[in-house]
Amino acid sequence: MLFYDFEVFDQDWLVVIVDAEKRLEIIFHNDEQGLINYYNEHRNDIWIGYNNRHYDQYILKAVICGFTPQEINEWIILKRKPGWKFYKDFWKIQLFNFDVMTNKFRSLKQLEGFMGHDIRESEVSFDIDRSLTDKEIQELIKYCRHDVQETMHIFAENIDEFTSQMELLKMFKLPLRNISKTKAQLSSVILEAQQPRIPRDDEFQFSFPPTLQIEKYTEVLDFYKENRDYSKTLEIDVAGVSHLFAWGGLHGARNNYIGTGYFLNIDVASYYPALMIEYDYLSRNVKNPDKFREIRDTRLKYKAAKDKRQAPLKIVINGTYGAMKDKYNGLYDPLQANNVCIGGMTLLLDLIEKLEPYCEVIQSNTDGVLVKLFHEDDYELIDDICWEWEQRTKMELEFDEFTKVIQKDVNNYLMVPSGSLYDDKGKPLWKAKGSYVKHLSPLDNDLPIVNEAIVNYFVKGIDPEDTIFNCKELIKFQKIIKISNKYDYARYGRRRMYEKVFRVFASVDENDKELRKVKNGTAEKIAYAPVNSFIVNDDLTKKEIPSKLDYWWYLDLANKRINDFIGED
């Protein structure tokens, strides 16, 4: 495996490549033939990078095809055009390219920041229109090497993404070139899907599931029958809860709800794949629909046996729905995508309608509903209602039990189980959703101390002040700020900053400034950025907490967010 990253300037370019097996670093600077020779020697290796699916692979292919890196860089960066459109024969270049980027809204620098690593930018400006000096080249190599090493860290954190992709290629005996494909593209290849030569024109000719039995909330059915506009939504009270129905799903929740008792979270197992199988809603472009059912059934068998091979199969069955809305994918079939989504929403509404008289609905979303039983003895009654719905609809329900629910809204909540809060491997057993309380990871680690304080308060009854003031890890107080391309630059006090990503900390030192984002000369406040802050963009994994850290700022923010859940100003 080769990890690589390109940097392209007006008169210079370079690439740093790290051979993971040999632990060998190779650098090419303005050496097209050297890079071509290296590629020819390693054309059967896997080339790994961050966002290389959209950028770096096309720099490499351009060099191989006789273009300059500057030409393709201008095409992608300045003209904002996809690399594959630059040259019609790019696809002929064999390149087993794997992209470790799983979230297009997260830059490499942001992920480096989350991990506590050095996020300082290169001091060599990309606006330089002359040849770089030797000193600038050395600085650039250092910067590029750092990004390659960070890509390796991210690859290690997300190793399951790679192993699942490789396992799929083995399972279905696919050529290694498919390692470059997205999950949706791979689903299309495995299912041998091909779009028809003559495009269909039946996107809105959907039908409701024949098993559907809605008597009370027929207004929802009328909405979809009469509506042909994806931007329109329907807001309606369902079981005493305000619900929103759209073309992408449904949701409803009791805002600022905190309750204890006996809760059941009722989810439909593998909902969209099940709808595709039982109601023939799979893309009509699939050569053999039975293959999709076989993959689903095999995955369920592996899952029951706790066989790790279930994970790659999950990629195929879960990636199929999204691909049916992608006009560039072989699975593209918007009618069937609408059938799946509308069928799923209305069948879930059907279930809620049947449950409503016998429990309190707390929230619902696209594939499940959370209810509170009036009495714990009502479980058998609820179970019978769900069983009837399962038999009629051919869907399968899964129950999770909780004893406490803290819910700000449909997108922010905690569900706390009875008994132990952790499994035998130390994994939290409470369910969490939303930026305030979600389970964090090394690659998603923004204001972690505030998140921890809120969760500890609601789940464990620990005072936020104890969580915050007893913390000894500087990384837990970090706020990672990214200045988007909508803004010209960032400003710290009166000083213009040239970085795009910053790691800031609240400060009690009034000499420390506020970081702001500037657009057309006007400085704007950044959400959740402290008025007095200090910036630490170098590696902080071994740094101690400085005396000027403003613990009270974090405590105030934690208390504010707790009050957001409770519904107090």
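User: Is Glu-514 buried or exposed?

Analyst: This is a predicted model, in which local features need pLDDT of at least 70 and side-chain atom pairs count only at pLDDT 80 or more, while totals for chains, interfaces and linings use all residues. Residues are numbered from 1 along each chain as its sequence is written, and side-chain values use heavy atoms, with hydrogens and water left out. Buried means under 20% relative accessible area, exposed over 50%, and partly exposed in between (1.4 Å probe, protein chains only). Because its relative accessible area is 14%, Glu-514 counts as buried.

User: With which side chain does the side chain of Glu-514 make a polar contact?

Analyst: A polar contact is a pair of N or O atoms within 3.5 Å; within protein, one must be able to donate a hydrogen and the other to accept it, and residues adjacent in sequence count only if both atoms are side-chain atoms. Among the residues that Glu-514 touches (heavy atoms within 4.5 Å), not counting those up to four places away in sequence, are Arg-491, Tyr-492 and Lys-525. The polar contact, at 3.0 Å, is with the side chain of Lys-525.

User: Is Gly-419 buried or exposed?

Analyst: Gly-419 has its place in the loop between strand E13 (412-416) and strand E14 (431-433), where strands are DSSP runs (E, at least two residues) and helices are runs of H or I with at least four, numbered from the N terminus. Since its relative accessibility is 65%, Gly-419 counts as exposed.

User: At what angle do the axes of helix H9 and helix H11 cross?

Analyst: Axes are lines fitted to C-alpha atoms, for helices over the stretch in contact, and angles run from 0 to 180 degrees between N-to-C directions. The axes of H9 (residues 271-278) and H11 (residues 310-323) come within 9 Å, and Tyr-272, Pro-273 and Met-276 in H9 meet Ile-317, Asn-318, Thr-320 and Tyr-321 in H11. The crossing angle is roughly 80°.
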